[in-house]
Amino acid sequence: MNNDLTDLLKELKIKSPDELFADIPDAIRTKTLGLPKGMDEDEIRRVASAYAGMNKTVNQEHSFLGFGLYNHFVPAAISNVINRNEFLTAYTPYQAEISQGIMQALFEYQSLAAELFQMDAVNSSMYDVSTSLGEAARMAKIITGKDEFIVPKYLSKNKRAVLDNYARGAEIKVKEIDFDEKGMIDLERLKEALNENTSGVYVEYPNMFGIIDTNVPRVKEIIGEERIFVAGVNPISLGVLAPPGKFGADIAIGDGQVLGLGLNFGGPVVGIFATKEQYIRKMPGKIMGITKDYNGKVAFSMILQTREQHIRRERAVTNMTSNQALMAVASAVYLSLMGDSGLKKIGEINMGRTRELMDIVREFDVTMPYDGSPVFNEFLIRLKESKTFVCRIAKKFNLVPGYALGKNYGYNDRNQTNIVVNVTERNTNDDFNAYKEFLREVA
Amino acid sequence: MYHQAVFDEPIILDLKGRRTIKIPLENQKFRVDIPETMKRGSAGIGDREEFSVIRHYVKLSEMNFGADSGFYPLGSCTMKYNPKINDEIAVLEGFRMIHPLQDSNDVQGALKLLYELAESLKIITGMDEMTLQPLAGAGGEFTGLSIVRAYFECAKQLDTRREVVVPDSAHGSNPASSHMAGFDVVQIPSAPDGTVDIEKFKEAVTEKTAAFMITNPNTLGIFEDKILEMANYAHSKGALLYYDGANLNGIMTKTTPAKMGFDIVHLNLHKTFSTPHGGGGPGAGPVGVVEKLKDFLPYPMITFDGDKYHDDYVPPKTIGKVASFFGNFGVLVRAWTYIKMMGEEGLRDACETAVLNSNYMRKKVQEFMSVPGKTLKKHEFVASSVGASMPKAGDIAKHLIDNGVHAPTIYFPLIVPEALMVEPTESATKAEMDLFIETVRQTLKLPHETFEKEPVNLKVTRIDDVDASKNPRPTLRMLRKEHKEQPLQQVI
């Protein structure tokens, strides 16, 4: 025990710190738990490197795997900024005056995302896009007082399973509507699905099949002012695709993972959550605002805290406390570095490279169920072989051809395999060649 | 004398230049066929150089304060030191560049790590099964309460069990999460010694109770020593016991939630297990449960067959999912590293030192300020700055940050007037704690007018939060809607 601790013990007139646990009844005291002895840094490096080495990274294979998490280029400047100790090791900025740095950075994130989405207000982050969807459904109920929320039938199970969980607690009924023959939201079915209980509708572009849904511009006029239109977007597409604000979205959500966060086995990512000015007070999450201090200097403050759990308790708009603040800062750095020209460029590269691979696919006897509908950087292909066979051949070429939709998406994977293929700026011509070799054997 | 860096940094959107970052395949021409209605002109955020971006954020970071900047006794947040090795391990290429939808054969190392972390957390809590999926503490609470809901739905008791009972000293997220999972909240008062009033508890917990939710040590830093009695009583009424793990640092290795009779536990890895909190997140909120609740956990669960790790197990009565993928993996890697490095001895030492520090500070602070509840504290204590001549808790906080010491949590828990909730953690020297104590002691002698001007050593002085919320401007876009291109200083 070092001198410091000895002094403290002396001050408290005790011999061992264990005496400070005398209030824990013997009946529930633990002697030992059975955890192993601690390691030193050198040992943990060795162990961790061995574990890391057991994983096959996307750099060691030809990967076309996306489906909600994308292998985009990550600028070095991002980790440099988010590893600044003053950001990395800070708590939520409850003491505003000593935390202006992170508060400005988060205000900037909100401002950048607001421009990108063309929405008035953005919160300082949600956990991910799936929980954002859950919160959006709750918010639609809070605003309208209605309890039926409509989503597309084809929606990633990751999102849907999270949404269903939020919906159960909030007593929201989730209704599905099918796509039309172009793989877009069916507007006729949407009209039929609406009733006096409908709180809102969620539509995404690009959708689960990567399709840029050209029915989206008509959704708001169909559902009307009294219902909430929740738009789902891929933020990296918004350098080239029209923003949700243009289509009258009341709430817009997307996963900021694509904005420089990397893969990290699926987390941490960041849920971007935006809304119109009139709904700010119903929006979940922490919000930074620009204001001034008592000397009239520009300052940042955590605003509208009376919506939150630490004040309003069970009447709060959400239970969220921690969010993904540092990841929000990371995506702000990404957006700043890329700027207008970079975002446009990266959108074009993703679309262009995707089309190149689609051209390759067209050389083979492979069905592209919605060929003809515009896509961003994902598309659906259908192979006439079983999933097992397809995977075996793919392995042979060190290829991950995409995400295979199985039974839980309503697809039979014994006689056919439906694959959502993702192409990003990181895919090389070698990757494309591997795909060609693979198709030669499976198609 | 403490001085924070002060820069008048523009909003990054107003920093305009040219883009210097190069994008892969930048110089190739691509075919882009976007339908007219779906086209966009420009993103509207401007271009700028990488060096401008870096200079900007370096300046912003210098106007911030983290646990690496100094003593950070923010109550209930466990702002312990975050070992740097954690960060190094988390960004190994083999962890950073893998996709959660890859074939499980290709990510055995990641699954092994997650499996081991869950196993360690099971040992630390005594729970029988553990999910790592929830993305933060409150996410864990929602997960746990969704399990409570599913359990009683399955038992056909959900129609009658509509209530979650929480003490009035509970974290605000407890009632909020209960409400989100569809329960009504019943709040019970604390006894004068700061623990749960056992009579009131027995009145509140009935056949209508789905769960009793509590943190132990509680938010006053006091160990609820009647916890077994409460657990037995709640169980006799058919209710479940939920452990809010925010304060686990105060008892880690000394007892476990299982020993105390809990059925569900959520942990905050960004508190107890040293993962950096990033100015608000990411965190991680694993949830552990006892045997009878295993089947309700979110899917997929990671399993081990003695040879290989699998990521496709769906518990038969699963509540579904609470996050897109496996959780905040980067955070989980850091917590795994921490536990491996500490071992049982290290965790015990962390807990003991944290409690020793807290009691030392409590004893010193008690010389000049009241500290409600039982004398013996665990990892934190709450001082109450009440009395005619006493400064307000908010004034003390501003005086502290003006002197380079992070303030404690203030005005919480709500049951203590002018509350200052102090949690030194194990990462504090005696000198740092003494500086805090002396700085607080000083405020008692200062004329109250002094505080009105504080802070003076920081980027800004006090902010009128009420006004900021009355006229909310969360984005530059909203500000400029009213005020076009005028300089910021003129329009705020």
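I started at G200(A), which stands opposite I228(A) in strand 6 of chain A. From strand 5 the chain goes through helix 9 (residues 216-223) to strand 6 of chain A, a right-handed β-α-β crossover (clockwise from the first strand over the helix to the second, with the strands pointing away from the viewer). Strand 5 and strand 6 (residues 228-233) of chain A pair in the parallel sense over six bridges; pairing takes at least two DSSP bridges between two strands. Helices (H or I, at least four residues) and strands (E, at least two) are DSSP runs, numbered from the N terminus.

This is a predicted model, with local features needing pLDDT of at least 70, side-chain atom pairs counting only at pLDDT 80 or more, and totals for chains, interfaces and linings using all residues. Residues are numbered from 1 along each chain as its sequence is written, while chains are lettered from A and ligands numbered from 1 in the order in which they are written.

Next I checked strand 3 (residues 148-152) of chain A: it pairs with strand 5 of chain A in the parallel sense over three bridges. F149(A) stands opposite G200(A), and E148(A) has T198(A) as its bridge partner.

Then I traced the whole sheet: seven strands, open, mixed pairing, order 2-8-7-6-5-3-4 in chain A. Strand 2 (121-122) and strand 4 (173-177) of chain A stand at the edges with a single partner strand each, so one side of each has no neighbour in the sheet.
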